[in-house]
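Okay, thanks everyone, I'll keep this short.

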Amino acid sequence: MREGMGEMMKEMGKPPRKELYPSLMELPDLPPEKRAEVGQLAHERMEAGTALLSSGLEKLARSTVEEDYAAMQEATAQLRQGLAQFESGLAAHRALAEGNVTRDVALQWFKRNMSLLPVVDVETPHGIFGLSWFHYVTMFILTAFAATMIWMYFHKMQRAEALLMKLAGGPGSGSDEATAAPSSPPLSGRALPVVPVNEPSVSPTPAPVHPAIAPSKSNSWSGPLRVARIFQETPHVKTFRLTDPSGGTVPFTYLPGQFLTFTVAPNGQSVKRSYTIASAPTHRDACEVTVRREEQGVVSRYLHDRVREGALLQVTAPSGKFTFTGQEADSIVLIAGGVGITPFMSVTRYLTDRSWPGDIFLMYGCHRDNEVIFREELEYLQRRYANLHLTITATYADLSTWPYTTGHLTKELLVQSVPEIASRRVHLCGPPPMMDAVKGMLAELGMSAEQIRTETFIGKERPQAPPAVFDGAAPAKLAVVTFARSHKTAVLPPNKTILEASEDVGVNIDYSCRVGTCGTCKVKLLSGAVTMEVEDALDPAEKTQNLILACQAKATGDVAVDA
Ligand SMILES: Cc1cc2nc3c(=O)[nH]c(=O)nc-3n(C[C@H](O)[C@H](O)[C@H](O)COP(=O)(O)OP(=O)(O)OC[C@H]3O[C@@H](n4cnc5c(N)ncnc54)[C@H](O)[C@@H]3O)c2cc1C
Ligand code: FES
């Protein structure tokens with residue numbers, strides 16, 4: 001036997017691989033319970049294929065309109081993967097259904113994929129020259145596809161050439177693009193990926209390191225990812241390793257510090273939550289998120305308690321501007337509290353992977369000594385990379401075994417751990433009280449707000465206290481938000497965002513991070529005025545067009561939005 005049945009059964013749960021199909025020929029030997037199992041796996045594979053196809057088509061349509069060629073390529077690759085996945089499930093289903101002709105089905109599938117023989121459908125009427133219309137349509141699609149690819153290749157080459165001329169100081173150099181581009185020569189004569197302009201640099205001379213991968217456009221990829229492994233990091237924190245269900249590399253690229261948005265339905269109702277990618281973008285086979293279980297949290301409890309290895313999760317990627325690639329400054333201070341370490345783990349893994357020469361000061365505050373996420377790996381990286389300087393502190397620790405400091409992060413600890421801290425760039429992520437305290441200390445040390453980048457994870461309001469009981473005074477008039485396109489209105493108390501009000505009345509405004517950084521919830525303000533605590537996702541042009549972030553926008557007077 002070429003491969004045992006047991007092997008085949010195992011393989012059915014994995015992404016499609018060509019060796020799987022010859023093993024279909026052994027199907028008649030399968031006992032009934034194994035056949036049912038194969039049927040179930042085939043069904044799952046067809047479902048995953050359909051999901052890949054539908055999101056691939058959607059992406060192709062969108063990227064064609066936006067003339068985003070990289071996204072178009074990703075979309076076509078996804079369509080191919082989806083079709084292969086669907087076909088593999090279909091072949092297995094057909095084999096199960098037709099029993100004796102299993103060998104024919106598997107053989108035909110194999111021949112078609114290996115291009116050994118044309119597969120002739122006897123029921124299809126033949127066109128001229130004895131070929132079926134199916135052949136002509138397929139040939140036309142393939143020719144059009146090849147022509148598009150060739151055109152895209154030349155177009156890309158022209159753009160790369162123009163960029164290289166700018167880098168070399170040729171005509172047109174001195175533009176924003178050239179300023180943002182890397183300063184060292186390209187390796188092996190290949191065009192470098194275009195590096196996006198992130199934020200103003202603290203250092204006048206960016207370090208000569210380039211991201212390995214140009215990131216996909218914000219939220220440009222949506223589809224299922226498979227939970228390949230789950231690791232328990234600390235008592236309340238798990239890491240979920242996610243892979244492409246069809247077995248390829250991760251179907252999007254990202255910058256260190258960006259996040260994924262999960263759409264799950266733990267209680268039958270679809271909800272979204274953001275989780276930072278903690279792995280490094282240099283690792284293309286999988287990406288990882290590290291999630292803290294919140295005692296009463298809807299999604300974090302679902303991920304911890306109900307999601308198992310092998311499950312498919314619906315993901316949108318990538319998003320976020322809280323990134324650091326080594327281009328923005330020649331050293332970096334990363335200050336984390338609790339699970340706020342995740343963006344910095346990605347940055348640290350990425351910078352050390354890329355042998356970035358700058359100093360990385362990673363300061364990490366935890367509640368207890370057993371809650372230091374990634375402790376072993378951080379200690380290993382520190383031993384290995386002399387430019388990684390690790391400071392850990394825990395509020396409570398067993399002093400007989402704890403080699404680090406205890407207590408909160410203090411101004412003294414900042415100064416001791418980071419020489420000349422006031423002249424460096426700082427990234428800060430953790431619980432809001434910790435972030436406020438550290439921001440205050442940094443200001444006292446003479447740092448300007450522009451040197452400090454922050455991200456908060458509190459994307460959803462904790463349950464609100466009930467409204468104050470009427471005390472006899474005349475009740476204040478509540479503002480009203482009108483959703484013009486949906487012809488609906490909702491009351492808008494001062495502490496409620498327009499996004500939350502829209503959810504109250506069933507108006508669909510899409511969202512992702514709920515903290516003002518991804519831009520998914522942008523809507524046009526038609527009348528009235530709003531305030532927004534965070535508006536990182538809006539550029540000046542969008543502000544002049546009256547775009548607002550529904551997840552941040554609050555108002556004390558009546559407003560109307562285009563939703
Ligand atoms: C950009 C971004 C990146 C993020 N990255 C990460 C990351 O890498 N890792 C990570 O773990 N998280 C991350 N988060 C946070 C994450 O998105 C979720 O907000 C978090 O997991 C909580 O979601 P939940 O559905 O479990 O809790 P929710 O149901 O949204 O509840 C929110 C909070 O309210 C509390 N709560 C809910 N109901 C009650 C109640 N009845 N009484 C008292 N308290 C209650 C919950 O315990 C929880 O603390 C990130 C957020 C953002 C915006
Ligand atoms: S949901 Fe991300 S900015 Fe509003």
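Predicted model: local features only at pLDDT ≥ 70, side-chain atom pairs only at ≥ 80, totals over all residues.

I'll start with the histidine, go on to the aromatic pairs, and end with arginines over rings.

You'll find His-427 in strand S11, which covers residues 426–429. Is His-427 buried or exposed? Its relative accessible area is 1%, and because anything under 20% counts as buried, His-427 is buried. Skipping neighbours within four places in sequence, the contacts of His-427 include Phe-322, Thr-323, Phe-324, Phe-344 and Arg-453. There's also a run from Ile-332 through Val-333 and Leu-334 to Ile-335 among those contacts.

How many aromatic pairs does the structure hold? Six. One of them is Phe-324 with Trp-356, edge-to-face, 5.6 Å centre to centre with 85 degrees between the planes. Phe-324 sits in the loop between strands S6 and S7, and Trp-356 in the loop between helix H8 and strand S8, so the pair ties together parts 32 residues apart in sequence. Both partners are buried: Phe-324 comes out at 0% relative accessible area, and Trp-356 at 2%.

Next pair: Trp-402 and Tyr-404, again edge-to-face, at 5.2 Å between centres and 65 degrees between planes. Trp-402 is buried too, at 7%. And there's a cluster made of Trp-221, Phe-252 and Tyr-254.

Arg-349 lies over the face of Phe-374, 5.0 Å from the ring centre. Arg-514 has its charged end over the ring of Tyr-511, 4.5 Å from the centre.

That's my lot, over to you.

Note on methods:
Residues numbered from 1 in each chain as written. Chains lettered and ligands numbered in written order. Heavy atoms only, no water. Helix = DSSP H or I, 4+ residues; strand = E, 2+ residues; numbered from the N terminus. Buried < 20%, exposed > 50% of the residue type's maximum accessible area, 1.4 Å probe, protein only. Contact = heavy atoms within 4.5 Å. Phe/Tyr/Trp six-rings, centres within 6.5 Å; stacked < 30°, edge-to-face > 60°. Lys NZ or Arg CZ within 6 Å of the ring centre and 35° of its normal.
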